[in-house]
Amino acid sequence: MINVALPKGRLGEKVYSVLDRSGYGSKEYSADSRKLVFSGGGVSYFWVKPSDVGVYVDTGAADMGFIGKDILGEYPCGAYELLDLSIGKCQMCVAGKKGFEDGFSRPLKVATKFVNSARRYFSSVGREIEIVKLNGSVELAPVLGIADVIFDVVETGDTLRENGLEVIARAFPISARVIVNKSAYKFKTEEINAVAEKLKGIVNYENNQI
Ligand code: PRP
């Protein structure tokens, strides 16, 4: 049996759908269930908060986990990054109100959940910032004037558009990564590789269909 940590939410649902189509689905799974543990196809799944996936894998509670590069960059863990699954693709962006121009006269006020990644990015481009740490609905910050810009994930761009914001710069691309516990990978190499390769095969096939 392999233990797998799935991130609750959009990405986890996408990943589970690929697992299901790869033959690792569970009869116990239901989209509206509140059950946090279920198993099937030789895999035991845990639904966890996306920012906690690394903790479950690092401690060995899960052998394998699925995590967005945004979260992995923000909360580094000791797990081994095995594979880029090429699903859940989006971008980490700087965005502001339409027409916003950085005057460079003072530190830029940046609202974000991704404090470490934002500090790294703005330091790499040599711009001094002041962080406004928020936990969600970050798009409100420039609208209500508590920050100049946001540093956040953009997928379709709908949330920005519907709130009168636009992308100013793209910081880095994001996609789902497969991470594995280092010692579990030594003992369960074949089982873990079998799941990873099957998933990658299905994703490649679907991504390459016209
Ligand atoms: C994320 C992100 C944006 C939105 C972008 O929020 O923080 O708000 O998705 O997606 P879009 O470009 O497709 O509109 P999430 O749904 O994870 O909720 P959150 O507000 O709790 O961060």
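Reply: A disulfide is taken here as a pair of cysteine sulfur atoms within 2.5 Å, and the model to which this cut-off is applied is a predicted one.

Me: By this rule, to what number does the count of disulfides come?
Reply: The cut-off asks for two cysteine sulfur atoms within 2.5 Å of each other. When the model is searched by this rule, the count of disulfides comes to zero.

Me: Which cysteine sulfur is nearest to that of Cys77, and how far away is it?
Reply: Cys77 takes part in no disulfide. A partner sulfur would have to lie within 2.5 Å, whereas the nearest cysteine sulfur belongs to Cys90 and is 18 Å away.

Me: Is Cys93 buried or exposed?
Reply: Cys93 is likewise in no disulfide, the nearest cysteine sulfur being that of Cys90 at 8.9 Å. A residue counts as buried under 20% relative accessible area, and the value for Cys93 is 1%, so Cys93 is buried.

Me: Which residues come nearest to the ligand?
Reply: The ligand sits in the largest pocket, and there are 13 residues around the ligand. Of these, the ones that come nearest are Lys113, Glu139, Asp152, Thr156 and Thr159.

Me: Which strand gives the most to the shell around the ligand?
Reply: The protein has eight helices and 11 strands in its secondary structure. Two elements, strand 9 (149-154) and helix 6 (158-162), each supply at least two residues of the shell. The element that gives the most, with three residues, is strand 9.

Me: How far is an oxygen atom of the ligand from an N or O atom in the side chain of Thr159?
Reply: Polar contacts are counted within 3.5 Å, and a backbone N or O atom of Glu155 lies 2.8 Å from an oxygen atom of the ligand. In the side chain of Thr156, an N or O atom is 2.5 Å from a ligand oxygen. For the side chain of Thr159, the corresponding distance is 2.4 Å.

Me: How much of the area that the ligand exposes when taken alone does the protein bury?
Reply: Taken alone, the ligand exposes 490 Å². Of that area, the part that the protein buries is 70%.

Notes. Residues numbered from 1 in each chain as written. Predicted model: local features only at pLDDT ≥ 70, side-chain atom pairs only at ≥ 80, totals over all residues. Heavy atoms only, no water. Buried < 20%, exposed > 50% of the residue type's maximum accessible area, 1.4 Å probe, protein only. Near = heavy atom within 4 Å. Polar contact = N/O pair within 3.5 Å; in protein donor to acceptor, adjacent residues only side chain to side chain. Areas by Shrake-Rupley, 256 points an atom, 1.4 Å probe, with all protein chains shown as cover. 1 Å grid on protein atoms, 1.4 Å probe; cavity = no way out; pocket = protein on both sides within 12 Å on 5 of 7 lines; lining within 4 Å. Sits in = over half its atoms within 2 Å of the grid points. Helix = DSSP H or I, 4+ residues; strand = E, 2+ residues; numbered from the N terminus.
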